[in-house]
Each structure stands twice: as C-alpha cells, then as structure tokens.
Amino acid sequence: MKVAVGPDPSLVYRPDVDPEVAKDKGRFRNFTSGPLLDRVFATYKQMHTQQTVDFVRKKHAQFGGFSFKKMTVLEAVDMLDGLVDESDPDVDFPNSFHAFQTAEGIRKAHPDKDWFHLVGLLHDLGKVLVLAGEPQWAVVGDTFPVGCRPQASVVFCDSTFQDNPDLQDPRYSTEFGMYQPHCGLENVLMSWGHDEYMYRMMKFNKFSLPPEAFYVVRFHSFYPWHTGGDYRQLCSEQDLAMLPWVQEFNKFDLYTKSPDLPDVDTLRPYYQGLIDKYCPGVLSW
C-alpha cells in the first residue's frame with residue numbers, strides 16, 4: 001500500500017545535481033518562491049509550533065524501545081518505495097533510488113571509504129517513521145535545537161514560531177536556553193525527525209560504523225548549522241572537527257529527477273556486503 005507523505009521540505013528545494021544548473025545560486029533551497037511554497041510553509045509552521053522540549057522527550061520515549069518492526073536494512077530501503085511524495089507527483093521512480101544515488105555518488109568520490117558509501121544508503125531510512133503513523137512535520141524537513149531560541153538561518157524563522165509554547169517559557173527562549181556555552185551537540189535536544197530516530201536506531205542495534213557515520217546521519221538535516229553557520233555557540237571542538245564530514249556528505253544528498261537512475265539490482269550485492277560487515281541481519285526499528 002502506498003502512503004501519501006506530502007511535500008518533504010528537505011527535498012523540495014534542493015539544487016539540481018547538474019553542476020551547470022547548480023551554478024545558478026537561486027536554485028538552491030529556494031524558500032522565497034515556487035509553486036510548492038504554501039505547502040512547504042504550512043509544514044514548517046506545524047513543525048515550528050509543535051516541536052517542543054516536551055514533544056521531543058515524548059518521542060524519545062515512544063520510539064526508544066525500537067519495537068515498531070523487525071527487518072533488515074535492505075527491507076527498510078524497499079519500504080521507502082511505499083512512500084509517495086505528494087509534492088512531486090510526476091516522479092516515476094522509487095524513493096529508494098535516492099538512497100542508491102547518494103551512496104553511489106559517495107562511492108565514486110571516496111572509493112576507499114566503504115563506511116561512507118553505506119551512510120549514503122542509510123541516511124534517510126528513518127523516514128519509515130511515516131509508516132508508523134507519524135505526521136510529516138515530525139519526520140522530514142530541516143532540524144533545529146529545541147530548548148533555546150531559534151537562530152536566523154532556521155527556515156521561516158521569523159514567521160512560524162510565534163505559537164510555539166517554549167518561546168513563551170523563560171527557560172527556553174534565550175540564545176542558550178537550557179544549554180551551557182559549547183556544551184556540544186551531543187548534549188543538545190534536536191527537533192524530532194528521521195535523523196535523530198535513525199541515529200538512535202543505529203546505536204540501539206550496535207552498528208559497527210565509525211563515529212563520523214553516526215554524526216552524518218544525526219545531523220545531515222541540521223541545515224542551520226552545517227550550511228547556515230548558526231548554533232556555533234553550542235558546539236564543542238568535536239562538533240567543529242566533524243562538521244567537514246557532514247558538509248562533504250551534503251554534496252551528495254541532493255534530490256534530483258535524474259534520468260541517470262542506478263541499476264539497483266546490480267548494486268544490491270555490493271551494499272549487502274557492506275551491511276553484512278557493519279549492520280548485519282534482522283534489526284529492531
């Protein structure tokens with residue numbers, strides 16, 4: 001059964017892969033104009049109203065036992081094909097192709113880093129949350145820290161947070177909010193979505209990937225940090241050391257209606273080998 005996901009704001013406004021097209025900077029994540037702007041704005045309005053410290057903590061408790069489903073990584077990849085992105089009704093290839101496209105882009109540029117190839121395949125698998133009944137605003141889109149005042153590069157920052165109760169709470173409405181300067185992002189409560197869920201799922205199932213892999217999965221949608229340059233006041237030295245990995249990954253995490261689709265059947269054995277190496281068998285989701 002196909003599940004209608006609605007517009008994924010993290011995918012709608014992305015540059016095209018073609019470098020000549022990408023030179024037109026106006027194409028990059030354009031949140032000021034475009035046919036889907038109203039729907040994307042409505043999604044972020046919901047997100048920026050509902051994502052509070054209390055909400056995020058409840059989601060950690062709700063999903064922290066990883067009792068939703070038992071399946072392998074490639075079964076989860078196949079499950080993504082049950083998601084229909086209503087923001088892009090003309091796309092006639094499966095969602096899983098984006099995972100393989102990202103992975104293959106990384107593989108081509110970094111042939112010696114097999115763990116990085118696997119991250120390309122894994123990074124969006126947390127979107128299976130939609131199949132667990134989660135609303136789109138609690139699964140996709142750019143992430144941000146809760147428990148402190150949102151910074152300027154958070155998308156629609158000036159027009160979507162006015163109904164968020166945390167910003168009426170003096171504990172959470174200052175620049176640092178409930179955090180200490182340079183406390184480290186590992187000690188920051190991020191808005192709930194597919195990044196945080198997948199990071200925690202990987203930890204729960206004891207994936208044997210390097211720390212950089214966990215970091216990329218956890219923060220790849222944290223655009224206000226890795227692209228906007230905000231929230232540096234919360235960063236530790238480790239965060240700044242990891243930032244180039246997240247930025248490097250972001251080069252390949254580009255949504256495109258590319259006609260050059262990967263031959264998934266021929267790629268599966270290679271990625272199955274990586275799964276067997278780093279995260280084998282039936283996993284808890």
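Biologist: Leaving aside neighbours within four places in sequence, which residues is Leu 240 in contact with?

Modeller: Keep in mind that this is a predicted model. Leu 240 sits in helix α12, which covers residues 237–250. Once its neighbours within four places in sequence are set aside, the contacts of Leu 240 are Arg 232 and Cys 235.

Biologist: Is Leu 240 buried, partly exposed or exposed?

Modeller: Buried needs under 20% relative accessible area, and exposed needs over 50%. Leu 240 comes out at 38% relative accessibility, so it counts as partly exposed.

Biologist: How far apart are the C-alpha atoms of Leu 240 and His 226?

Modeller: Along the chain, 14 residues separate Leu 240 and His 226.

Biologist: Which helix holds His 98, and is His 98 buried or exposed?

Modeller: His 98 belongs to helix α6, residues 96–109. Its relative accessibility is 7%, and the cut-off for buried is under 20%. So His 98 counts as buried.

Biologist: Which residues does Asp 124 touch, not counting those up to four places away in sequence?

Modeller: Asp 124 is in the loop between α7 (114–122) and α8 (157–160). With 8% relative accessibility, Asp 124 counts as buried. Skipping residues up to four places away in sequence, Asp 124 touches Leu 80, His 98, His 194 and His 220.

Biologist: There's another "binding site" annotation, which includes Gly 141 and Asp 142. Where do Gly 141 and Asp 142 lie?

Modeller: According to the unreviewed UniProt entry, that annotation also takes in Arg 29, Lys 127 and Ser 221, among others. Gly 141 counts as buried at 2% relative accessibility, and Asp 142 is buried with a relative accessible area of 6%. As for location, Gly 141 is in the loop between α7 and α8, and Asp 142 is placed in the loop between α7 and α8.

Biologist: And which residues does Ser 221 touch, if those up to four places away in sequence don't count?

Modeller: You'll find Ser 221 in the loop between α10 (211–219) and α11 (223–226). Its relative accessibility of 1% makes Ser 221 buried. Beyond four places in sequence, Ser 221 touches Gly 141, Asp 142, Thr 143, His 194, Asp 195 and His 226.

Biologist: Now the nonpolar core. Which members of the largest nonpolar core touch the most other members?

Modeller: That core has 84 residues. Leu 209 is in contact with Trp 115, Leu 118, Leu 122, Met 202, Phe 214 and Tyr 278, leaving aside neighbours within four places in sequence. Those that touch the most other core members are Leu 121, Leu 209 and Trp 285.

Biologist: Last one, on the whole chain: among contacts between residues at least 6 apart in sequence, what share joins residues at least 24 apart?

Modeller: The chain has 13 helices and 4 strands, and 57% of its 285 residues count as buried. It exposes about 12,500 Å², with carbon and sulfur atoms supplying 53% of that. For contacts between residues at least 6 apart, the share joining residues at least 24 apart is 79%.

Notes
Residues numbered from 1 in each chain as written. Predicted model: local features only at pLDDT ≥ 70, side-chain atom pairs only at ≥ 80, totals over all residues. Heavy atoms only, no water. Core = buried A, V, L, I, M, F, W, Y, C linked by side-chain atoms within 4.5 Å. Buried < 20%, exposed > 50% of the residue type's maximum accessible area, 1.4 Å probe, protein only. Contact = heavy atoms within 4.5 Å. Helix = DSSP H or I, 4+ residues; strand = E, 2+ residues; numbered from the N terminus. Areas by Shrake-Rupley, 256 points an atom, 1.4 Å probe, with all protein chains shown as cover. UniProt positions renumbered as here; feature names shortened; annotations may be inferred.
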